[in-house]
Amino acid sequence: MVNTIAHLMSSYPFIHYSCLSFVTLIISFRVYCQHFVWTKCVPKNSMKGKTVVITGANSGVGKETARELALKGARVVMGCRDRHSAQQLIQQMNKDLAFKPNIVYKNIDLCSFASVKEFAEDIIQNERSVDILINNAAVFGPPFALTVDGFESQFQTNHLSSALLTLLLSPKLQTSSQMSSHRSRVLMITSTLYRKGVIDENDFKKGYASLDNYDKRKAYNNSKLANILFARRLHKNIVSDNQLIDVLIASPGIVWTNLGRHLMLKWWQKCVLLPFAVMFVRTPKQGAQTPVHCTTAQSITSDSLYRNCCPQEWDAIVSDSVLSDKVYELTIKAIENYLK
Ligand SMILES: NC(=O)c1ccc[n+]([C@@H]2O[C@H](COP(=O)([O-])OP(=O)(O)OC[C@H]3O[C@@H](n4cnc5c(N)ncnc54)[C@H](OP(=O)(O)O)[C@@H]3O)[C@@H](O)[C@H]2O)c1
């Protein structure tokens with residue numbers, strides 16, 4: 001195969017130059033994005049004295065975000081279900097750094113409300129403060145499954161459990177802001193695919209989801225849309241209760257992580273996608289820049305969607321306050337037994 005390609009290229013210089021131009025174009029586009037679009041998080045402030053709780057910190061964007069925040073001096077609580085890979089990161093950081101990073105692992109499985117509650121109670125009891133909560137963990141397109149609580153697994157992992165964790169930790173975030181005289185932050189990691197989502201009341205009903213009309217991609221989009229609408233209404237509640245918490249949504253861009261583990265691409269699909277991947281797909285470190293910016297920047301705008309470290313205009317779909325109220329109500333109803 002390689003020989004045939006080499007032979008074709010030497011026999012037909014046109015093919016040779018076309019390929020070379022194509023590769024140059026792709027690489028130039030990536031270099032352009034890296035320098036001018038995928039901005040780097042600028043604030044260099046120390047995070048010393050601040051505690052960050054981040055879910056899904058053993059992989060991809062969450063792992064890089066946790067690492068960068070620990071490097072900036074924050075106490076980082078990694079909420080993960082995979083003890084082994086979380087501890088590997090901690091060991092690696094202990095080995096590589098001249099100082100001992102303040103980073104710990106605690107178990108959480110977002111497919112179980114009981115596990116989320118246990119995690120939150122552990123944090124409330126054992127952490128002095130929680131200054132920033134980053135709801136990062138998510139799954140994309142797994143085969144159909146119901147959680148132990150009876151909800152479709154993506155919807156519970158990506159939306160319901162993140163909402164539960166946020167509400168359980170809200171009093172702690174509030175007291176931490178009073179103690180530190182800095183506003184606390186809740187950060188939701190989203191995806192632009194929320195634009196393709198719809199709000200379906202059935203997603204919020206226990207035992208309702210079934211394999212019959214399951215579309216795994218739509219389930220992801222719906223969960224991400226619900227997440228943002230919930231966050232926007234949460235912000236309203238916080239403002240009306242005079243709480244000192246900011247709510248931010250961060251989009252990391254398209255990132256090369258384990259998120260695509262359930263995408264079963266054929267070899268030819270991978271070949272077709274390769275040039276696009278080289279052009280558009282960020283490394284986890286590049287993907288972590290916006291979450292790190294939203295966590296560390298001194299001046300941020302609450303109730304904003306950040307992309308490439310800058311606030312963006314809201315789309316019409318997430319500006320519908322009636323829909324946002326409805327999502328909030330449906331979410332509370334789905335998780336109410338665990339809020340007590
Ligand atoms: N990658 C992208 O292109 C992209 C684009 C837009 C938005 N995002 C968003 O970025 C965030 C991070 O994703 P990623 O790309 O870094 O993917 P990733 O590498 O797969 O990381 C996802 C993390 O979520 C954790 N997780 C999944 N289900 C969980 C559960 N039930 N309980 C506890 N933890 C669970 C995973 O843990 P395990 O390792 O144990 O599975 C993993 O640590 C997600 O919110 C995703 O929607 C990603």
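This is a predicted model: local features need pLDDT of at least 70, side-chain atom pairs count only at pLDDT 80 or more; totals for chains, interfaces and linings use all residues.

W268 lies in helix α8.

**Nonpolar surface patch**
- W268 is partly exposed, because its relative accessible area is 44%, a value between the limits of 20% for buried and 50% for exposed.
- Together with F29, I254, L263, L265, W267, V272, L273, F276 and F280, W268 makes a nonpolar surface patch of about 980 Å².
- Helix α8, which spans residues 267–280, supplies the largest share of this patch, namely 6 residues.

**The sheet**
- An open sheet is formed by 8 strands, in the order β3-β2-β1-β4-β5-β6-β7-β8, with mixed pairing.
- The edges are held by β3 (103–107) and β8 (310–312); each has a single partner strand, so one side of each lacks a neighbour in the sheet.
- On average, and with direction ignored, neighbouring strands of this sheet are turned by 25 degrees against each other.

**Strands β6 and β7**
- Strand β6 (residues 245–251) and strand β7 (residues 304–307) run parallel and are joined by 4 bridges.
- S251 has R307 of β7 standing opposite.

**Helices packed on the sheet**
- Helix α3 (residues 60–71) packs on the sheet and touches β1 (51–55), β2 (75–80), β3 and β4 (132–135). The direction of helix α3 makes about 170 degrees with that of β1.
- Helix α7 (residues 216–240) also packs on the sheet, where β5 (184–189) and β6 are touched. The direction of helix α7 makes about 160 degrees with that of β6.

Notes
Residues are numbered from 1 along each chain as its sequence is written. Side-chain values use heavy atoms; hydrogens and water are left out. Patches are made of residues with over 30% relative accessible area and no salt bridge: like charges are joined within 9 Å, nonpolar side chains (Val, Leu, Ile, Met, Phe, Trp, Tyr) within 5 Å. Accessible areas come from the Shrake-Rupley method with a 1.4 Å probe; for residues, only the protein chains shown count as cover. A salt bridge is a side-chain nitrogen of Lys or Arg within 4 Å of a carboxyl oxygen of Asp or Glu. Helices (H or I, at least four residues) and strands (E, at least two) are DSSP runs, numbered from the N terminus. Buried means under 20% relative accessible area, exposed over 50%, partly exposed in between (1.4 Å probe, protein chains only). Two strands pair if DSSP finds at least two bridges between them. Axes are lines fitted to C-alpha atoms, for helices over the stretch in contact, and angles run from 0 to 180 degrees between N-to-C directions. Contact means heavy atoms within 4.5 Å.
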